[in-house]
Amino acid sequence: MVHLFTLRTLSDYRIMTLNIHKLPLFLSGLVLFLFSCTAAFAVSERTLSVRGGDNFPPFEFINERGKPDGFNVDIFKALMKELKYDYELKLEEWEKVQEEITERKVDIVIGMLYSPERATEVRFSLPTCIVHRNFITRKADRYKSFEALRGKEIIVKKGGWFYNYLRQHPAGRKIIESNNINESLQLLLSGKHDAILCSELEAFYAMKQTGAKGLVIGDIGIPPQNYALAVKRNNDNLLYELNIGLQQLKASGVYDQIYNKWFGIYEAKRYGKPLFVALCIILTVVVLLLLFVWLLRKQVSKATRMLNYSRQEVGIAIDAGSLSAWSYLIGGKTVQALHGNPVWGEKKHIDEILRMVHPGDAELMRKCFEELSEGTKGKMELSFRIREAADRPYRYFETRMVRVEASKEHPCRIVGTLKEITEEVQMRSKLEDFRIKSEFIIKSNDIVLLEYDTVTRTFTQIDDSGDNQARYTTAEYAELVHPNDRQAMARFTSELNTATNSRINGEFRMRQEDGKYEWYSFNMAAYKYDSRGNIIHYIGLRRNNTKWKQMVNDLIVLRKKAEASNKLKSAFLANMSHEIRTPLNAIVGFSELIIDSEDREEKRNFIEIVRTNNDLLLQLINDVLDLSKIEAGYINLQYAEFDFSAHFSELGTSLGIKATEAVELKVVNRYPELYICSDKSRLSQVITNFVNNAFKFTHKGSITMDYLYEDESIRVSVTDTGIGIEEENLRKIFNRFEKINNFAQGTGLGLSICKVIIEAMHGEIGAESKPGEGSTFWFRIPCNALPGGIQEETNRTGKEEFTPEEEETGTEDFPEADVQDEKKTVLVAEDLDSNYIIVRTILRGQYRLIRATDGADAVEKTKIYHPDIILMDMKMPVMDGLSATREIRRFNRSVPIIALTAYVLDTKREDALDAGCNEFMTKPLNKNTLIDLISGCMK
């Protein structure tokens, strides 16, 4: 006869356990209570390694999409969702899973049949279901029992439980291996073999999936086994949480949903026929009395099996809680193990145990046993320290004891449980230490604990001791926030109320008791969830970071200043390199030319150019020295009495040499005499700088020097009709290293030095300008006019007194009549006359020269004259040399171009070569090097 198995859910066993025996229920409740004290510390800090078999449908298997599927997979995923663990789930061949279990590489196995042998390697959770052992045969063969299959060919899945079982109990049966249940069904239906050995649910599922017909299922007579989660040993906290999670799944109905999804259809098959048979028995009770008796005996047998299962579950529950049970016979004073292996062994006299206990705990344990033995107390709890041997350290244990009164079968005794709590005690010690340190950190860093309830929408502010709490609604809390930050506060509370993010941060200012506002940062994290997984409570920290905020802002300002200063100094150094090498180029170049020249007039011109560039170089060096003094915070002022009116006229006379026909210098001297006490040379330095700058940027019109004595101070101004200065540049014109026009000679230090000088004299300095109309630079210094009188003003102009020498530009135009000349053509792009004259003198008579005064001019003359080679200065007005080279390379890629520059940095060389130059030569120019370089490029 076919025996259909009975599958029970977790709650069925719990109810049966309650009805059969109360002691296991008490022990189970005791386990839960013990672990409830430590569950908060069992949080996993890593990703769990989870494994399962890949070929045991419907429990666990790889579905057609290549994903893990089955009853065990769904139960495990529901558990992980409830417990919120990170995990890595992988289904593999069962042999590989067993190897990983042996090597302790696996934290959890999602499904494993319980056996005492396996219990030595892993710890089992509460059962997820019960598995019955069955065989499948063809209906036509009519095998009614497994014994009838002796000597037959039995199909089993390779490497599974049934495979091992059949090898241990062959009884003449021949093993036929298959890869999976579907292949087993195909082999059976082919008629080549006699039966399949498998679990009943596996058979039902495979028969439904494949549509197999004409098969029957029989019971092989082996008691059902618990099917449960398996956990790596020494991971009791994880096992506890899994057991609690299974109970929560059952209480919430999730377990029943998963159970009905996979086994509901088979339950209907399982119970349909028995119900029908029961109805027939009721209708034919008299006729089938013997059958009724047989069924009654069957139920008694099943109840007996269920009682054994319940006892087994109690043992699993005790193991899951890392407990052992013991009994103490009051008359014999002997403690004997009931379950597990207590620390003192299987059986030992109470005095021997007391000698193993720590001296500080032994007397308390003796007193507990005495009170329970005398009956003054019915139950007691005790924590104590004990060690197995003198050379072993003490370990912490917890026992709970109950006095059990005598009965007909048993004498009076004490029954108890024992659990090691060494790790918990150590953890509590660490937590206490952590609590003390945390309180210190909170107190020393002005941190306040903060909670937020998303249901009532209230903040709870807790001080460092936890005693004082203040509650605020969101509106009340927002009133403490700075008005400018309330929008940020609104976004912060909106995120909290939405309750979708597990971590939320905010930062805004809050009013203090003295009315001032200070910056606070808020860091909130999800703390509590409702039954649907929604966040209902946040906990976090509010920290005063006003000082940090100010420090960060100060550092940002300092960083920006440092970056700006670094950029300015870099630009200054690059410019100084160019500005120093430019006069050096003229000095060195013309010094060589003086030696080779025989023309007296030409030598005189060369000497004058060298002298001019000497003066320029000396001025540059003086500016750098002044800068060094300024950087050191030292500037020397030599005060003395002098006639400022006369000195002003002398300055106008000396500076008037720079006047031209296009630009005249006007000197307005308002007083015949004006004696003051000041630094004559420093005033001259400032005025000269003003006038020199005016000549640089004034191409026509006039430059006017003027001064006025009033209110015990002198105001000196220099006004020009030059190109003017943009408003944004005017604001930074007196900053160090600032140079508004990069093509004008100078270091960019003159005006900043002037500013320092005037401020050292306790004066003020400034400038006004309109682009295209001109500029006025002025300064005012306090001074008292000494006796000498102030009379009517007079006017003088530098144009009337001085006639400057005209300077030879050296500019040449390409003569059309010489087009057929056999000399090679050299285009020299150079804006400075002195530099061009050097090149012209070096190459005189050897090449035909064309000059371009800026980059744009060089591009146009290249198109017109098609030179054989181009000498390209890198720094020119209108268009610089790099831009001009790129433009030329667009229409002429063959003409050689040699870059000439006063810059010596490697980056400038790379920029020139990248732009399209063939060679790179730095100033001052060497005659032989330049000639060899030109000859080499034109070969």
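Leaving aside its neighbours within four places in sequence, with which residues is F644 in contact? They are L674, I676, L683, I687, Y707, I714 and V716, where contact means heavy atoms within 4.5 Å.

## Basis of the model

This is a predicted model, in which local features need pLDDT of at least 70 and side-chain atom pairs count only at pLDDT 80 or more, while totals for chains, interfaces and linings use all residues. Residues are numbered from 1 along each chain as its sequence is written, and side-chain values use heavy atoms, with hydrogens and water left out.

## Nonpolar cores

A nonpolar core is a set of buried Ala, Val, Leu, Ile, Met, Phe, Trp, Tyr and Cys residues joined through side-chain atoms within 4.5 Å. Buried means under 20% relative accessible area, exposed over 50%, and partly exposed in between (1.4 Å probe, protein chains only). The largest core has 44 residues, of which F644, L665, I687, M705, I714 and F779 touch the most other members. Elements giving two or more residues to this core include α19 (644-655), β27 (663-669), α20 (680-697) and β29 (701-710). The largest share, 7 residues, comes from α20. Helices (H or I, at least four residues) and strands (E, at least two) are DSSP runs, numbered from the N terminus.

Apart from this core lies another, of 38 residues, with V50, L79, Y259 and F263 among them. In soluble globular proteins, nonpolar side chains tend to be buried together.

## Aromatic pairs and charges over rings

There are 33 aromatic pairs in the structure. Rings of Phe, Tyr and Trp (its six-membered ring) pair if their centres lie within 6.5 Å; planes under 30 degrees apart count as stacked, over 60 as edge-to-face and the rest as tilted. Y259 and F263 are an edge-to-face pair, at 5.3 Å centre to centre with 75 degrees between the planes. These two residues are 4 apart in helix α10 (residues 254-283), which separates them by about one helical turn. Y259 is buried at a relative accessible area of 5%, and F263 is buried at 0%. W326 and W344 also form an edge-to-face pair, at 6.2 Å and 75 degrees. W326 lies in strand β14 (residues 323-329) and W344 in the loop between β15 (334-339) and β16 (347-349), so the pair ties together parts that are 18 residues apart in sequence.

Ring pairs also link F56, F59, F71, Y227, Y255, Y259 and F263 into a cluster. A charge sits over a ring if NZ of Lys or CZ of Arg is within 6 Å of the ring centre and within 35 degrees of the ring normal. K84 lies over the face of Y529, 4.8 Å from the ring centre, and the charged end of R542 sits over the ring of Y520 at 4.3 Å from its centre.

## An enclosed helix

In helix α24 (residues 833-842), 10 of the 10 residues are buried, so the helix is largely enclosed by the rest of the structure. The buried residues of α24 include D833, Y836 and R840.

## Backbone exceptions

Most residues other than glycine have a negative phi, and most peptide bonds are trans. P57 and P58 are joined by a cis peptide bond, with omega about 0 degrees; P58 is in the loop between β2 (55-56) and β3 (60-62).

R104 has a positive phi, near 60 degrees, and is partly exposed at 41% relative accessible area. H762, in the loop between α22 and β31, has a positive phi of about 65 degrees and counts as exposed at 68% relative accessibility.
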